[in-house]
Amino acid sequence: MTRRLLPILILMLVLTSCMHQSPFRSEYYFQAMGREGDIVITVNDCSLLAGFLPDEIIGRADRISAVVNADGGIYGGAEGDFGYTGINALLDWAPEFRKVDGDPFYFQARSSSFEAAVPESGLLLFSSVSYPEAYALTVSDRSLVIDDRTAAEMASHDAAVYMNHPASIPDIGMEIPDETARKIEKAVLLFDDDGESGYLTGWLDMDSASSARTLSTLLRNELLKGIRQRGEKPDFKVLSGYFRPDGDILYIDYPGVNRDMVEAMAKASAGGV
């Protein structure tokens, strides 16, 4: 009995004896994401992904970032208290996973395409397409795609979405046709929720000033439709301030976001639209 319990006791000690932090200190892990066609989601308030990721991951994570690429594949990482030895041993022993040897090694779910491992303490890397590719893009051969200023702005909010020439965009509570989405060259959407009210801010770089004005009108009309459906009287002056085109950039400053909408956006982005 004691001999069989010893490995479990050792694992418990490894998992609980020390705290681990993200290995990325001088830059953000998610800065290596965001290639053309990518939708990047980074979540500072990891509880937004409750029900989508296991509680054991959410409870250990300080930040979770993921990419949905143009083909619908997902990869990313959870930064936080993830020990190299302990978590990899846990995955190795779990009957739901099988180990794939190599450099890097990783663990593949037996019943799905999900792959994961801890390449270094503080980062749990996962992928639904190719763990080795995700490892190369974001760890071993990483190059920064998102500039420092944009990344710092994204990291300062509860959740943020970065889009680089998206073919479509995640559900933010307003319908945007794919044809219009394809005119977006880059977009940064920032979400915050204080428990009582939520805010959506950010900016979208469009392919022309005309496209920025068109999208501004489309978004205002979407809001107007909802206001009228609720039998409320619209305040056109207030509405005009929510979406402000300035040349080929559309700025967003919209306070009508609730936590449910932010959670839905986060899960839609991280889970593939």
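**Reading a predicted model: values and definitions**

Mentor: At the start of helix H5, a side-chain oxygen of Asp 147 comes to within 3.2 Å of the backbone nitrogen of Arg 149. The model is predicted, so local features need pLDDT of at least 70 and side-chain atom pairs count only at pLDDT 80 or more, while totals for chains, interfaces and linings use all residues. Residues are numbered from 1 along each chain as its sequence is written, and side-chain values use heavy atoms, with hydrogens and water left out.

Trainee: What makes the approach of Asp 147 to the backbone nitrogen of Arg 149 a polar contact?

Mentor: A polar contact is a pair of N or O atoms within 3.5 Å; within protein, one must be able to donate a hydrogen and the other to accept it, and residues adjacent in sequence count only if both atoms are side-chain atoms. The oxygen of Asp 147 and the nitrogen of Arg 149 are within 3.2 Å, so the pair meets the cut-off.

Trainee: Why is Ser 127 called buried?

Mentor: Buried means under 20% relative accessible area, exposed over 50%, and partly exposed in between (1.4 Å probe, protein chains only). Ser 127 has 2%, so it is buried. This residue lies in strand E7 (residues 123–127).

Trainee: Why is Arg 25 called exposed?

Mentor: Its relative accessibility is 63%, and therefore Arg 25 counts as exposed. Arg 25 is in the loop between helix H1 (2–16) and strand E1 (39–43).

Trainee: Why is the pair of Tyr 106 and Tyr 131 called stacked?

Mentor: Rings of Phe, Tyr and Trp (its six-membered ring) pair if their centres lie within 6.5 Å; planes under 30 degrees apart count as stacked, over 60 as edge-to-face and the rest as tilted. The structure holds ten aromatic pairs. For Tyr 106 and Tyr 131, the centres are 5.1 Å apart and the planes at 20°, so the pair is stacked. Both tyrosines, Tyr 106 and Tyr 131, are buried.

Notes
Helices (H or I, at least four residues) and strands (E, at least two) are DSSP runs, numbered from the N terminus.
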